[in-house]
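The sequence and the structure come first.

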Amino acid sequence: QDEETQHSLECIQANQIFPRKQLIREDENLQVPFIELHGESTEYVGRAEDAIIALSNYRLHIKFKESVVNVPLQLIESVECRDIFQLHLTCKDCKVIRCQFSTFEQCQDWLKRLNNVIRPPSKIEDLFSFAYHAWCMEVYASEKEQHGDLCRPGEHVTSRFKNEVERMGFDMNNAWRISNINEKYKLCGSYPQEIIVPAWITDKELESVASFRSWKRIPAVVYRHQSNGAVISRCGQPEVSWWGWRNADDEHLVQSVAKACASDSRSNSNKIMNGNCSRDFSNGGDLSDVEFDSSISNASGAESLAIQPQKLLILDARSYAAAVANRAKGGGCECPEYYPNCEVVFMGMANIHSIRKSFQSLRLLCTQMPDPGNWLSALESTKWLQHLSVLLKSALLVVHAVDRDQRPVLVHCSDGWDRTPQIVALAKLLLDPYYRTTEGFQVLVETEWLDFGHKFADRCGHGENSDDLNERCPVFLQWLDCVHQLQRQFPCSFEFNEAFLVKLVQHTYSCLFGTFLCNNAKERGEKHTQERTCSVWSLLRAANKAFKNLLYSSQSESVLYPVCHVRNLMLWSAVYLPCSSPSTPADDTCAPYPVPGSSPEDQPLGRLPKTRSFDNLTTACDSSMPTTNRRSSDPSLNEKWQEHRRSLELSSLGNPGDDPFDGDSLSKQGRAPVGAELSVAAGVAEGQMENILQEATKDDVALEEHARGSLETAGKEDEIALGKENRTENLQGYVSDI
């Protein structure tokens with residue numbers, strides 16, 4: 001009886017608090033041209049020039065004769081009238097929409113309507129995610145289990161802190177402890193309620209440290225390397241100011257992080273067996289490209305086996321000049337003299353204002369009609385790929401320190417909620433295969449971005465009265481772009497595909513889900529967003545086959561070492577270029593991409609026509625199947641691979657009739673399992689693998705890059721990276737695709 005009463009109240013709330021609005025039609029014959037979501041009500045339907053335009057409380061829908069525009073209102077950044085009769089809509093994800101009207105008055109009417117609905121809300125309940133959830137409660141009131149699956153994240157997300165502490169193997173008896181000093185956010189409003197600190201650091205000392213760190217964001221441990229015990233911690237900048245203030249408790253805490261790593265029992269046993277000496281990076285200045293390459297290429301030696309604290313690396317995301325300039329505003333950086341056994345490195349990453357300017361330049365370039373003749377030089381001038389390169393290098397530096405040098409790392413920028421989560425989350429993604437699974441990636445985003453207070457409301461512009469344009473910046477989008485670059489270089493290492501990332505970009509801004517509302521966990525708790533909105537992970541769940549990477553192998557590289565140079569990075573065309581998004585499921589009831597009612601085949605996969613792709617990997621490698629239908633970047637490449645394939649089959653030592661490139665082994669994970677690799681090794685010596693690749697590409701020095709481009713145009717689902725480091729491991733998948 002109580003449950004029925006509760007459901008009745010929820011239904012009353014949905015109808016009364018979020019009532020449907022009356023539809024206004026410019027023509028009585030016009031109908032709503034899309035399937036409405038729960039809680040969505042269309043307010044206007046009219047005609048544009050050669051199009052039907054509709055506006056609901058969630059989206060703008062424009063149906064042209066040969067195409068459809070379907071964009072959430074919160075994804076629109078600005079609307080302006082151009083050429084008297086044309087509306088020009090700029091979106092937060094780099095897209096630009098143009099709509100032509102027959103009369104000036106009609107154009108002005110739609111301009112006013114759109115400007116009224118895209119402005120930041122005066123109260124958070126005005127966002128569609130609350131109406132959507134309330135109406136879902138009404139629809140699924142009698143189907144509680146289905147409703148729970150629709151709106152809630154999994155247990156791996158809700159219990160992430162406890163699970164992560166156990167999974168990473170923190171020594172909670174001797175080295176570390178969980179502090180509840182921030183219970184109910186009484187110490188820091190932008191930090192989680194539970195944090196990991198060295199076991200001997202008291203809460204009184206933490207209070208003292210909080211008074212010295214920007215926004216009271218104290219050094220907190222967020223990751224432990226399971227093999228060697230080295231940790232990653234994050235914080236805000238020290239408030240040194242021009243007066244050169246010091247804090248003894250802060251200096252003690254930073255040094256204690258390194259000591260706790262050394263006292264960790266697992267770390268100690270690992271260091272005895274695999275003791276590596278650490279490498280020093282250049283102190284006091286920004287890390288140049290030459291210094292970065294040399295620091296990465298120099299192998300660690302085993303010169304010291306003594307069990308002692310490793311030299312802690314303090315990675316400051318800013319340039320040295322920017323860090324010093326922050327002293328004028330009360331900030332600053334650590335002085336190495338006051339932090340013994342520590343080393344400070346400045347990465348020279350741009351601030352949010354420079355990133356915003358770069359993104360605006362990129363958006364302007366990508367929406368030029370027609371494509372500019374100086375595309376490559378114009379793309380370079382935006383500096384977008386350069387910014388990605390610096391971010392990847394920063395994360396890779398953390399990976400080398402933790403994985404190879406067994407050194408603890410402390411990461412911060414100015415406030416610790418923009419560049420810091422970019423570096424830390426990217427480093428964790430490179431270090432730990434768990435975060436490259438669908439569930440692990442959800443935990444990573446929830447922990448590093450949401451729990452530690454990235455200001456989504458201000459950066460995305462959908463917070464209450466968040467009108468300050470100087471606070472907006474695509475920080476999270478930039479990080480997702482880096483994840484996409486990793487997917488390109490390591491196509492078998494991620495359980496989720498590119499469509500997963502594209503959908504996450506869209507719903508970062510759409511406000512269909514409540515995951516990215518507010519600026520921190522404290523605000524989300526006060527607004528009860530978890531109880532009153534749906535989670536984006538209910539859509540991007542591991543069971544959703546539309547977001548599965550068919551090439552994923554759980555046996556792929558444990559730690560990823562990507563190539564970070566600008567020449568190895570690619571523009572994310574699926575996000576930044578029009579008509580380039582990968583297909584998404586037609587029954588995607590939680591999101592309006594693609595257009596409801598359309599089939600996946602109707603969605604554009606790229607700007608070039610799709611050639612035959614190996615959707616059925618089992619038959620793709622069948623020797624009886626002709627391969628001439630597959631377009632190649634070089635006709636001779638297919639011939640050479642066919643010759644080598646026949647030679648491999650003839651020289652195979654397996655059972656008669658066994659194919660060393662058996663399609664069944666490739667179909668399961670996208671790459672051959674151990675058994676298949678052994679059969680290949682039986683047919684060809686280990687050293688011959690590289691010789692085969694070299695012979696196949698000796699006619700064209702640039703063939704590797706050319707082949708990569710050919711694979712990209714053939715469709716995202718059969719994309720195989722041709723990086724040198726992955727050649728031998730990905731050989732079988734490469735053969736099947738050529």
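How many helices and strands does the secondary structure of the protein come to? The protein has 29 helices and 15 strands. The model is a predicted one.

**Overall make-up**

Of the 738 residues of the protein, 57% count as buried. The accessible surface comes to about 31,400 Å², and 50% of this surface belongs to carbon and sulfur atoms. Among the contacts with a separation of 6 or more, 70% are between residues 24 or more positions apart.

An open sheet is formed by 5 strands in the order 1-2-3-4-5, with mixed pairing. Strand 1 (24–25) and strand 5 (68–72) are at its edges; each has a single partner strand, so one side of each is left without a neighbour in the sheet. Within the sheet, strand 2 (residues 42–48) pairs with strand 3 (residues 51–56) in the antiparallel sense, over 6 bridges.

Arg47 is partly exposed, with a relative accessible area of 39%, and Asp27 is partly exposed at 26%.

Strand 6 and strand 7 (residues 86–91) run antiparallel and are joined by 6 bridges. In this pairing, Ile76 has Cys91 in strand 7 as its bridge partner.

**Helix 2 against both sheets**

Which strands does helix 2 (residues 104–118) lie across? It lies across strand 2, strand 3 and strand 4 (59–64), at about 30 degrees to strand 3.

Phe104 lies in helix 2. With Ile84 and Phe85, Phe104 forms a nonpolar patch on the surface, and the patch has about 260 Å² of accessible area together. Phe104 counts as partly exposed because its relative accessibility is 37%, which falls between the cut-offs of 20% for buried and 50% for exposed.

**Strand 15 and its partners**

Strand 15 (residues 409–412) pairs in the parallel sense with strand 12 (residues 231–234) over 3 bridges. Arg234 stands opposite Val411 in strand 15, while Ile314 has Leu410 in strand 15 as its bridge partner.

Where do the side chains of strand 15 point? Val409 and Val411 point one way and Leu410 and His412 the other way. In a regular strand, side chains alternate between the two faces of the sheet. All four of these residues, Val409, Leu410, Val411 and His412, are buried.

**Salt bridges**

The count for the model comes to 28 salt bridges. Three of them are listed here.

| Pair | N to O distance |
|---|---|
| Asp203 and Arg177 | 2.7 Å |
| Lys455 and Glu471 | 3.1 Å |

The side chains of Asp203 and Arg177 meet in a salt bridge. The pair links distant parts of the chain: Asp203 is in helix 7 (residues 203–210) and Arg177 in strand 9 (residues 176–179), 26 residues apart. Asp203 is partly exposed, with a relative accessible area of 30%.

The side chains of Lys455 and Glu471 also meet in a salt bridge. Lys455 lies in the loop between helix 16 (438–451) and helix 17 (456–460), and Glu471 in the loop between helix 17 and helix 18 (475–489), so the pair ties together parts that are 16 residues apart in sequence. Salt bridges that share partners join Asp418, Lys455, Asp458, Arg459 and Glu471 into one network. Is Lys455 buried or exposed? Lys455 is buried, at a relative accessible area of 16%, whereas Glu471 is partly exposed at 24%.

Conventions: Residues numbered from 1 in each chain as written. Predicted model: local features only at pLDDT ≥ 70, side-chain atom pairs only at ≥ 80, totals over all residues. Heavy atoms only, no water. Pairing = 2+ DSSP bridges. Helix = DSSP H or I, 4+ residues; strand = E, 2+ residues; numbered from the N terminus. Contact = heavy atoms within 4.5 Å. Axes fitted to C-alpha atoms, helices over the stretch in contact; angles between N-to-C directions. Patch = residues over 30% accessible without salt bridge, like charges linked within 9 Å, V, L, I, M, F, W, Y side chains within 5 Å. Areas by Shrake-Rupley, 256 points an atom, 1.4 Å probe, with all protein chains shown as cover. Salt bridge = Lys/Arg side-chain N within 4 Å of Asp/Glu carboxyl O. Buried < 20%, exposed > 50% of the residue type's maximum accessible area, 1.4 Å probe, protein only.
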